[in-house]
Amino acid sequence: TWKDINKDTVNKLENAGAVVLMNEQPSKTGLGNMNFQVVSSMSGIEYLKNQNCEYILKTRTDQRICKPHFLEFFLCLLKQFPAQNNIGMKRLIVTQGMVDAVMLKPFMITDFLYFGEADVLRAIFDKAYSDVNMSVMERNDWIENLSGKLSLKEFYKETAPELHLIYNAYRYYYNREPELSIKDYWNFVKEQLITVGWDDID
């Protein structure tokens with residue numbers, strides 16, 4: 001969280017057993033406020049790597065996972081379905097988005113939940129900090145101005161922060177830029193991802 005958080009809230013979290021990492025808010029928002037997610041996630045990832053944690057679950061504070069033993073379930077999935085390549089990237093578990101909406105939008109993979117080996121999570125967020133700095137109103141105006149001027153895949157490449165996070169990991173492991181193609185996208189999903197539905201974890 002951020003250093004300006006209410007101290008009573010921090011005390012309650014720590015008394016409940018949580019480790020609270022206090023971060024400086026980024027000076028620039030990033031695309032769709034992405035820098036806030038990058039800064040806080042990298043802080044947690046580095047802390048957990050220093051604690052020798054092998055696996056990391058990254059989720060959102062406005063979501064809940066209610067399924068008993070879901071972490072054991074995730075670990076079994078990773079062992080049952082190893083990555084199908086030799087680039088060094090292990091499988092990453094993600095949650096499904098709106099399947100009909102993202103199947104044909106290359107690399108539009110939701111950032112609601114990531115679970116995998118610590119190094120894979122680090123590859124997603126490391127060096128993902130963006131120089132973009134827009135207010136919500138400025139971003140909405142910018143997106144409205146782009147609408148209808150770009151192809152669908154080019155539009156989401158420009159405007160979707162979750163796409164840029166996955167691109168970051170892709171560049172790290174594949175050592176090249178991803179193609180804006182359905183073939184490259186679906187091959188990445190087949191080789192690297194395990195997708196779980198909300199009914200699997202709730």
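Asn 23 counts as buried because its relative accessibility is 10%; buried means under 20% relative accessible area, exposed over 50%, and partly exposed in between, using a 1.4 Å probe and protein chains only. Asn 23 belongs to the loop between helix 1 (7–15) and helix 2 (34–50). Helices (H or I, at least four residues) and strands (E, at least two) are DSSP runs, numbered from the N terminus. Leaving aside residues up to four places away in sequence, Asn 23 touches Thr 1, Trp 2, Lys 3, Val 39, Ser 40 and Ser 43, where contact means heavy atoms within 4.5 Å.

A word on what you are looking at: this is a predicted model, in which local features need pLDDT of at least 70 and side-chain atom pairs count only at pLDDT 80 or more, while totals for chains, interfaces and linings use all residues. Residues are numbered from 1 along each chain as its sequence is written, and side-chain values use heavy atoms, with hydrogens and water left out.

The protein has a mean pLDDT of 91, with 98% of its residues at 70 or more.

Now to helix 2, where we find Phe 36. Phe 36 is partly exposed, because its relative accessibility is 22%. Its contacts, not counting residues up to four places away in sequence, are Trp 2, Gln 25, Pro 26 and Thr 29.

Next, the cysteines. A disulfide is a covalent bond between the sulfur atoms of two cysteines. Here it is counted as a pair of cysteine sulfur atoms within 2.5 Å, and that rule gives zero disulfides. The sulfur of Cys 53 is too far for a bond, because the closest cysteine sulfur, in Cys 76, is 19 Å away.

| Cysteine | Relative accessibility | Class |
|---|---|---|
| Cys 53 | 31% | partly exposed |
| Cys 76 | 52% | exposed |

Finally, look at strand 2 (residues 92–95). Leu 92 and Val 94 point one way, Ile 93 and Thr 95 the other way, and all are buried. Two strands pair if DSSP finds at least two bridges between them. Strand 2 runs parallel to strand 4 (residues 193–196), joined by four bridges, and pairs with strand 3 (residues 114–117) in the antiparallel sense over two bridges. Ile 93 stands opposite Ile 194 in strand 4 and opposite Phe 115 in strand 3.

Technical notes. pLDDT is the predictor's confidence in each residue, from 0 to 100.
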